[in-house]
Amino acid sequence: MSTQPIEPMPRPLLRAAVRNLPGYVPGRRAATADVAALASNESHFDPLPSVRAKVLDGAERVHRYPDLSCLALRERIGTQFGVDADEVVVGPGSVGVLQQLLQAVLDPGDEVVYAWRSFEAYPILTAVAGGTAVPVPLLDNEHHDLAGMLAAIGPRTRMVLLCSPNNPTGVAFTHRQLMTFLEAVPPHVIVVLDEAYIEFVTGPDRVDAFAAYQRYPNLVVLRTFSKAYGLAGLRVGYAIGHPELAEGARRTSLPFVVSALAQEAAIASLDAGDEVATRVAETVQERMRLATRLRAAGWVIPDSQANFVWLRVSDGESHHIVETLAASGILVRAYPGDGIRITVADAATTDRLVAALPAPGFQPSATTAA
Ligand SMILES: Cc1ncc(COP(=O)(O)O)c(C=O)c1O
């Protein structure tokens with residue numbers, strides 16, 4: 001082995017945009033089975049039997065590359081939503097699809113407008129693709145400030161990212177709000193509607209993204225198999241959009257990035273739509289029960305339309321809650337400066353959570369705050 005000292009690398013090593021990137025913070029993972037992992041908005045159900053069978057069967061063929069074009073899955077998604085396969089992009093999670101799309105459309109310095117706080121990948125993906133982030137603060141009621149987002153669109157704006165229901169606040173906007181917004185957006189600006197949690201929406205005037213897309217070809221609908229479909233570990237999501245945009249986003253993909261297991265499991269999940277719907281209904285039921293219990297305990301929470309609930313708390317209170325819950329084997333997700341997100345699981349977990357959750361209004365003492 002060489003004993004030569006390692007020469008320091010010449011600087012700067014990294015692009016400034018990458019040097020300044022905030023890291024993606026994953027939810028804490030459960031180390032043991034008795035820990036309730038409520039920090040990542042995963043499905044708490046085991047894989048569906050039909051999906052599990054497909055994955056096990058697919059294990060026989062993992063020495064082969066998958067279908068690069070994901071054609072069977074794109075066709076199946078097309079059938080599901082009444083679009084052509086050439087309007088569908090499949091990627092490694094919807095976050096991967098969004099990255100492909102940003103890389104396909106952004107020139108250096110192009111602006112991406114999004115609400116904040118929202119999904120934490122948006123600023124990261126925007127910076128990596130060379131874009132400039134234009135975050136627009138949420139309103140006090142946790143809704144997107146759609147008027148403010150419209151006002152933020154300027155000559156350099158290439159894309160607007162909408163998230164409904166919004167992660168981490170759970171609030172969804174209505175179809176009418178979406179249509180009013182799209183009508184006002186210049187047609188050359190791409191609007192990506194991230195619907196990672198759309199299956200859990202039960203509120204009135206639910207967004208019909210595909211109807212909106214028929215009217216506004218600058219709309220791209222982003223969806224995932226990670227949440228309601230329970231395939232977070234397989235990494236598969238998709239977007240539906242204008243064929244030219246979809247083709248661009250397919251071109252910026254790494255080759256073979258969606259495994260055959262993921263493609264087949266996604267098709268099997270769409271085929272098992274009734275079973276998925278039953279699970280979603282159970283989660284929604286539990287979300288309502290959890291929200292009722294939290295409000296009864298004095299919490300003021302927004303109306304979540306997703307598979308999680310949101311507590312807006314100070315950092316001091318947030319720290320206290322996270323640590324108290326962790327001591328009871330419950331992991332939740334803290335967002336410094338904003339609050340805490342708690343994923344909905346089953347009734348027993350709700351009961352455990354509500355029993356362990358400190359009452360609202362905790363004030364850190366001078367010593368704990370220091
Ligand atoms: C709003 C939103 N969009 C997209 C994603 C990405 O999901 P995936 O990449 O697993 O499809 C998430 C995951 O938490 C999310 O909350």
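Here is a short walk through the ligand site and some of the salt bridges of this structure. The model is predicted, so local features need pLDDT of at least 70 and side-chain atom pairs count only at pLDDT 80 or more, while totals for chains, interfaces and linings use all residues. Residues are numbered from 1 along each chain as its sequence is written, and side-chain values use heavy atoms, with hydrogens and water left out.

Let's start with the ligand. It is surrounded by 13 residues, and the closest are Ser94, Asp194, Tyr197, Thr224 and Ser226 (a residue is near if one of its heavy atoms lies within 4 Å). Tyr197 has a polar side-chain atom 2.7 Å from a ligand oxygen atom, and for Thr224 that distance is 2.5 Å.

Now for the salt bridges, of which there are 15 (a side-chain nitrogen of Lys or Arg within 4 Å of a carboxyl oxygen of Asp or Glu). In one of them, the side chains of Asp110 and Arg156 meet at 2.9 Å, N to O. Asp110 sits in the loop between helix 4 and strand 3, and Arg156 in the loop between helix 6 and strand 5, so the pair ties together parts that are 46 residues apart in sequence. Helices (H or I, at least four residues) and strands (E, at least two) are DSSP runs, numbered from the N terminus.

Is Asp110 buried or exposed? At 8% relative accessibility, Asp110 counts as buried, whereas Arg156 is partly exposed at 40%. Buried means under 20% relative accessible area, exposed over 50%, and partly exposed in between, with a 1.4 Å probe and protein chains only.

Conventions:
Polar contact = N/O pair within 3.5 Å; in protein donor to acceptor, adjacent residues only side chain to side chain.
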